Amino acid sequence: MINKGLAVRGAQQHGRRYLPMLIHGLAAGELSTAHLATRTLPSARTPRAYDTIKEKSYGCVRAVPRQGR
């Protein structure tokens, strides 16, 4: 994750205790994160995503850029 510029963050939780279990569940496909994003956008539209979130256009609260297309 470091070389990709990604970070996994949490707040007010017992990260040292639960983070390994959560990462294992994500890698095994046991946990889904689809409900965390209200909209996905191509990475080329990332700058516009900030405006979409700010204005809450289309009910967007969290936008996730995706590679490709």
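The protein chain shows about 6,400 Å² of accessible surface, and 54% of that belongs to carbon and sulfur atoms; such areas come from the Shrake-Rupley method with a 1.4 Å probe, and for residues only the protein chains shown count as cover. The model is a predicted one, so to speak of local features takes a pLDDT of at least 70 and side-chain atom pairs count only at pLDDT 80 or more, while totals for chains, interfaces and linings use all residues. Residues are numbered from 1 along each chain as its sequence is written, and side-chain values use heavy atoms, with hydrogens and water left out.

Of the 69 residues in the protein chain, 10% are buried, where buried means under 20% relative accessible area, exposed means over 50%, and partly exposed is in between (1.4 Å probe, protein chains only). As for contacts (heavy atoms within 4.5 Å), 38% of those between residues at least 6 apart in sequence join residues at least 24 apart.

Next comes the fold. The chain has two helices and two strands, which are DSSP runs numbered from the N terminus (helices H or I, at least four residues; strands E, at least two). Read from the N terminus, the order is α-β-α-β.

Strand S1 (residues 39-42) pairs with strand S2 (residues 63-66) in the parallel sense, over four bridges; pairing calls for at least two bridges found by DSSP between the strands. Thr40 has Val64 in S2 as its bridge partner, and Leu41 stands opposite Pro65 in S2. In a regular strand, side chains alternate between the two faces of the sheet.

Together with helix H2 (residues 46-55), S1 and S2 make a right-handed β-α-β unit. Right-handed here means that, with the strands pointing away from the viewer, the path from the first strand over the helix to the second runs clockwise. Ser43 sits in the loop between S1 and H2 and is partly exposed, at 30% relative accessibility. Its C-alpha atom is 5.2 Å from that of Arg66, although Ser43 and Arg66 are 23 residues apart along the chain. In H2 itself lies Tyr50, exposed at 59% relative accessibility. Tyr50 and Val61 are eleven residues apart in sequence, with 9.9 Å from C-alpha to C-alpha.

Then there is the surface. Val8, Tyr18, Leu19, Met21, Leu22, Ile23, Leu26 and Leu31 form a nonpolar patch with about 660 Å² of accessible area together. One of these, Leu22, belongs to helix H1 (residues 15-27) and is partly exposed, with a relative accessible area of 39%. Patches are made of residues with over 30% relative accessible area and no salt bridge, with like charges joined within 9 Å and nonpolar side chains (Val, Leu, Ile, Met, Phe, Trp, Tyr) within 5 Å. A salt bridge is a side-chain nitrogen of Lys or Arg within 4 Å of a carboxyl oxygen of Asp or Glu.
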